[in-house]
Amino acid sequence: MSRPAARQCGASRRTFLALAGAAVAAPLLPHGVFASVETGKPLHGLSAFGDLKYAPGFSHFDYASPDAPKGGTFNFQPGYWYYNQNVLTFNTLNAFVRTGDAPPRMEMCFASLMTRAYDEPDAIYGFLAESVTLSEDRNGFTFALRPEARFHDGSPITAEDVAFTYTLLKEKGHPQLLLPLAELTEARADGPHSVHLRFSGQQSRRNILTVATFPIFSKAFVEENGFDSSRIVPLLGSGPYRVGNFSAGRFVEYKRVEDYWARDLGPLKGFNHFDTVRIDFYRDRNAGFEAFKKGDVNWRQEFTSRIWATGYDFPAMREGRVLKTEIPGEKRGQLYGLVLNQRREQFRDVRVREAISLCFDFEWTNRNLFYDAYTRSHSFFERAPFMAEGAPSPEEEALLARFRGEAPEAAFGEAVMQPVSDGSGRDRNNLRRARQLLTEAGWTPRDGVLHNERGTRLTLEYLVRDEIFLRQDASFGENLRAIGIDASTRLVDASQYQSRQSAFDFDMISAAIGMDATPDEEGLEQLFHSRTAALEGSYNFAGITDPVVDELIEIAGKAENRDDLNVTLKVLDRVLRARRDWIPNWHLTNHRVAHWDMFGYSDNKPDYFFPAEALWWFDKEKAKAIGKA
C-alpha cells in the first residue's frame with residue numbers, strides 16, 4: 001500500500017522532537033515496542049504496558065460461565081457492528097472487504113491468533129496461537145499455532161493460511177483491517193505450525209494487539225472462491241459459529257459448532273452458549289420494535305428514548321414476560337455526534353462549523369424529543385480517562401507548547417465546550433453569534449440565503465437512513481434555515497446510505513464510534529489522520545488533514561505508559577474540540593436492555609466489552625414459564 005506525503009511529514013517532525021530536548025519529550029519518544037516484555041521467550045499473552053491479569057494455563061476468564069447450559073436461540077438486534085456490516089440489510093457474506101453490505105457478527109465464524117480479555121483494557125491471550133515470541137528488536141512476532149486448530153470442513157489451520165491471510169488483508173481488506181497492516185513487511189510460514197509477522201519499526205507499540213485479533217482465512221478456499229463482495233457465499237470459517245440459514249436482506253442465522261476444537265481453551269471456555277444466534281433485518285426501528293413486542297425478536301438494546309419512556313406498555317411487559325433493565329456501560333471512550341464533511345468547500349472554515357454547532361439546541365432536543373434521558377457530550381473521548389477537562393495540566397501545557405502557532409488558539413485554554421442554550425429551541429443569542437461567525441467567514445445574505453463572494457449558496461444536506469432522525473429537523477433544521485443556510489434532510493435506504501458514507505458522499509451525517517479502552521495509533525488514524533482522509537471506507541468522515549493532529553496521533557502511538565498516553569490524548573482532544581470537526585451530541589452511561597424473560601446471565605459483567613450473544617444463555621425453565629420453551 002502506498003504511503004501518502006503526510007507520513008513523510010510525520011517522520012520529519014519526529015526527528016525535530018528528538019533534537020529539541022524538551023522536558024516532556026523523553027517519556028514520549030519511542031524506546032522500543034513492548035520494552036518491558038521479555039524477548040526470545042514464548043508468552044501466553046500480551047498487553048500494552050506489560051500487565052496481564054491471567055497466568056499461563058488459566059482455566060477461564062472470571063466473567064465467563066463455563067457451567068451455563070447450551071441450547072436455545074438468541075434473536076436480537078445488534079447495537080454495534082464492524083467493517084462493511086449493515087444492521088438494516090445485507091447483500092454479501094464477506095464482512096472483511098470495503099464494498100457491499102454484510103450482516104453483523106460474521107466475525108463469530110472465525111478464529112484469530114489471539115483474543116481479547118473483556119475485563120482488561122488491552123490484554124490479549126492465545127487462541128489459534130498457544131504462544132507468541134518477540135524478536136530481540138521487538139518488531140517481529142513468532143506465533144506457535146495449536147496443532148488441533150481446524151476449519152469448519154475439518155482441514156487443519158496452518159501457518160501458510162495465517163501468512164496468506166495477513167498478506168490478503170493488507171492488499172484487499174476493509175480499511176479497518178488493512179490500515180493496521182501498513183507497517184507489516186513480512187508474513188512468513190516457518191513450518192506448518194509457526195508463523196512470523198515482521199514490522200518495519202514504524203508501527204505503534206500497541207499495533208500487534210489489534211493485528212493479532214484479525215480473522216484467519218483458508219488459503220485454499222479463498223484461492224478457489226475469491227475474496228470480494230460479489231457473491232453471497234460464506235468464507236470457510238474456524239470460529240465457534242458457522243453460517244446457517246439466511247435470506248439476503250431478511251435474516252441470517254449463525255449455528256454453534258458443537259464439536260468446536262477450541263471450546264475448552266481458557267480464553268474460549270464459558271462463552272457462546274446459544275445453539276443459534278439469529279439477526280432479522282427491518283427497514284426501520286419501529287418495525288424492529290413491533291417484532292420484539294410480538295416475540296419474534298427476544299433481546300433488544302433500546303436506542304430510542306421515546307420508546308424506552310413510553311413504548312413498553314404492552315401485554316407481555318405488563319404480564320412480566322418481558323423485562324426492562326439498565327446495565328452499566330463500559331469504561332471506554334464514546335463519540336456520538338454530527339460530522340461535517342470538509343471535503344465540501346463550504347465546511348472548511350472553522351467559523352462555519354462553529355456556527356452550525358450553535359444551531360443545535362441540545363437542551364430543547366433532550367427535553368422535547370428524548371425525555372431528558374441524555375447527558376450532553378463535549379469530548380471526542382467522552383467517559384474515558386483521556387477526556388480533556390478545564391485548563392490544561394502542566395504536562396499538557398508542555399506538549400501543547402510545541403504546537404503554538406499551528407494548533408487552534410482555543411486548544412490552549414479551557415477545553416472547548418458545546419454551547420448551552422436557553423432551551424427554547426431558538427436561542428436568539430446563539431443564533432446571533434452563529435450569523436456573526438458566518439459573516440466573518442465571508443457569507444452574506446441574498447434572497448434569504450447566504451452566498452459567498454462567488455455567488456455560491458451555503459447549503460447543507462443532512463443524510464439519514466432512518467425516519468427517527470427526521471425529528472431533529474424540528475429545531476436544528478429550522479435554526480439553520482433561520483440564519484440563512486439552505487438546510488435539508490435526505491432519507492435514503494440502508495444500502496445507499498452505506499455506499500454514500502463509505503465514499504464520503506455527504507454534507508453531514510450522524511455517527512457513533514466506540515473507542516478502545518487503550519486507543520492505538522491505527523485506531524486513531526481511522527478517525528482523524530490525514531492518511532485516511534481520502535481512503536474510502538475509513539471513519540475519517542470529517543476529512544481531517546491536520547499535521548498537528550497527525551503528530552499527536554503518532555506520539556500517542558509511541559507512549560511508554562498510561563500516564564503519557566493519557567496526557568497525549570487529552571491534548572489531542574483539546575485540539576480536535578477546538579477544530580470543531582464534529583458536533584458532539586449526547587451519551588448514556590448505561591445500556592438500556594429489554595428482553596423476554598428466558599435468559600440467564602452472570603452478574604460479573606466485564607468492564608470493557610458487552611457481547612450479550614456470547615455471555616448470556618438460554619434458560620429452559622424460564623422459557624417454559626412464559627410459553628417460549
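In what order do the strands of the open sheet of 7 strands run? The legends below take that sheet first, then move on to other parts of this predicted model. Local features need pLDDT of at least 70 and side-chain atom pairs count only at pLDDT 80 or more, while totals for chains, interfaces and linings use all residues. Numbering starts from 1 along each chain as its sequence is written, and side-chain values use heavy atoms, with hydrogens and water left out.

**View 1. The open sheet of 7 strands has mixed pairing.** The order is β9-β10-β11-β2-β12-β23-β13. Strands here are DSSP runs of E, at least two residues long, and helices are runs of H or I with at least four residues, both numbered from the N terminus. Two strands count as paired if DSSP finds at least two bridges between them. At the edges sit β9 (241-247) and β13 (322-328), each pairing on one side only. On average, neighbouring strands of this sheet are turned by 25° against each other, direction ignored. For angles in general, axes are lines fitted to C-alpha atoms (for helices, over the stretch in contact), and values run from 0 to 180 degrees between N-to-C directions. Zoom in on β9 and β10 (residues 251-256) and you'll find an antiparallel pair with 5 bridges; R242 has K255 in β10 as its bridge partner.

View 2. β5 pairs with β6 (residues 140-145) in the antiparallel sense over 5 bridges, and V132 stands opposite F143 in β6.

**View 3. A β-α-β crossover links β18 to β19.** β18 (residues 459-464) and β19 (residues 486-491) run parallel, joined by 6 bridges. L460 has A487 in β19 as its bridge partner. Between the two strands the chain goes through helix α14 (residues 476-482), and the crossover is right-handed (with the strands pointing away from the viewer, the path from the first strand over the helix to the second runs clockwise).

**View 4. Helix α16 packs against helix α17.** α16 (residues 521-528) and α17 (residues 547-557) meet at about 160°, with their axes 9 Å apart. That makes the two roughly antiparallel (the label for angles over 145 degrees). E521, L524, E525 and F528 of α16 meet V549, D550, I553, E554, A556 and G557 of α17. These contact residues split into 5 nonpolar, 1 polar and 4 charged (Ala, Val, Leu, Ile, Met, Phe, Trp, Tyr, Cys and Pro are nonpolar; Asp, Glu, Lys and Arg are charged; the others, Gly among them, are polar).

**View 5. Helix α17 also packs against α18.** For α17 and α18 (residues 562-579), the angle is about 160° and the axes lie 9 Å apart, so α17 is roughly antiparallel to α18. Here the crossing is left-handed. Contact residues include V548, V549 and L552 of α17 and L565, T568 and R579 of α18. The contact divides into 12 nonpolar, 1 polar and 1 charged.

Key. Angles under 35 degrees count as roughly parallel, over 145 as roughly antiparallel, 65 to 115 as roughly perpendicular and the rest as oblique. Contact means heavy atoms within 4.5 Å. A crossing is left-handed if the near helix is turned anticlockwise from the far one by less than a right angle, and right-handed if clockwise.
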